[in-house]
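I opened the model to look up a few side chains and their partners. My notes are below the structure.

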Amino acid sequence: MIKIEHLSKRFGNLEVLKDVSVEIKTGEVISIIGPSGTGKSTFLRCINLLDHPSGGSIRIDGVDIMDPKSDVPKVRQKMNMVFQSFNLFFHLSVMDNLTLGPIKLLGMSQQDAERKSMDLLKLVGLAEKAESYPDELSGGQKQRVAIARCMAMDPKIILFDEPTSALDPTMVSEVLSVIRRLAKDGMTMAIVTHEMDFARDVSNRVFYMDEGVIYEEGTPEQIFDNPQKEKTKTFINRIRSFCYHITSPDYDLYAMNAEIEMFCEKQILAVKTRQNLLLLVEEMLQIFNPFLSSLLLDIVLAYSEKKEILEVVFEYTGEAVNLLDKNLLADELGLTIIQGVTESIDYRHMGNKNRLTMILKSA
């Protein structure tokens, strides 16, 4: 249904999309996720030429819409878009919003257009609002009207640009329920969304976009349960990280502890978790102190908001030496304390780096 090859888009010197190539089959539901500012909405707007691409090709149902000879308005009738800001005509009633396009563009009679529009309003649960005006509706109702208006044009493809981002949280579910209904009916859809549970539930495939490219794609199970690339893992698990570099024995302990405290405060970690973390770092530094004149040490904290897991990594240069090896410790009390505040400890040597990864016990 949609075939995109080497799509790029620039705004001046800013390259928003970089060599994007992808196919979307008839009946597929594609969720597009990723951080803000990574080109997701621009990608949708390029597909229907609201933003004209800087390069590449886009074929919709076999038609190259970037060919100057193409009838773009006719192609757009097959492919409608639902925006986060509704874009309803506020001087028209709900019924008039739905019938305007079919009458003007499809040549439908007033009677047939109204009959079809009422069926669509029933589909989205708003038949009783047919004669209301947009100002009389809630945000969720406006978005459902926008979806019904889109359906009134008999599209083969619907593009959704963050359809729930402008809504109160209590209204999100009513809009998502309508989109789920369309998915079950086999509508081809591409949906930019920040609703991760919805994306997992409704999609055939998920595109994770970052830095203007489709950084990783796969089934919802692959993307949400077993992402392969680091940035995808960070986004899916909502991982917040902090790194402190120690390059000499004369590091500033108080500054480091203050930064760790600030990190914990931002993640709203429990007081007991903060205390265990500081105790772990203190005991580990006691072990590392004799070696800090000859190695570089990075302390990395990674908190997964989704899993509520705090991972603490001590990465240091040099030959393969596990400094927590009992045979190397002068005093095993520190190791006992470390084991007491951690769920697991894993040592690995990669290249010229040693890595001790610890999962802190939850409070």
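**Ground rules.** This is a predicted model, in which I read local features only at pLDDT of at least 70 and side-chain atom pairs only at pLDDT 80 or more, while totals for chains, interfaces and linings use all residues. Residues are numbered from 1 along each chain as its sequence is written, and side-chain values use heavy atoms, with hydrogens and water left out.

**Entry 1, glutamate 114.** I found glutamate 114 in helix H4, residues 110-123; helices (H or I, at least four residues) and strands (E, at least two) are DSSP runs, numbered from the N terminus. Glutamate 114 counts as partly exposed because its relative accessibility is 33%; buried means under 20% relative accessible area, exposed over 50%, and partly exposed in between, with a 1.4 Å probe and protein chains only. I looked for its contacts (heavy atoms within 4.5 Å). Leaving aside neighbours within four places in sequence, glutamate 114 touches Met95 and Thr99. From glutamate 114 to proline 102, 12 residues away in sequence, I noted 9.6 Å between C-alpha atoms.

Leucine 277 belongs to helix H11, residues 271-288. Is leucine 277 buried or exposed? Leucine 277 is buried, because its relative accessible area is 0%. Beyond four places in sequence, leucine 277 is in contact with Ile260, Cys264, Leu301, Leu310, Val312 and Leu360. I also checked valine 213, 64 residues apart from leucine 277 along the chain, and the C-alpha separation is 37 Å.

I took a salt bridge as a side-chain nitrogen of Lys or Arg within 4 Å of a carboxyl oxygen of Asp or Glu. By this rule I get 18 salt bridges. One of them pairs glutamate 28 with arginine 205, with the closest N and O atoms 2.8 Å apart. Glutamate 28 sits in the loop between strand S2 (14-24) and strand S3 (29-33), and arginine 205 in strand S9 (residues 205-210), so the pair ties together parts 177 residues apart in sequence. Glutamate 28 counts as buried at 12% relative accessibility, and arginine 205 counts as buried at 17%.

Aspartate 225 is exposed at 51%, while arginine 200 is partly exposed at 31%. Separately, salt bridges with shared partners join Glu28, Arg205 and Glu217 into one network.
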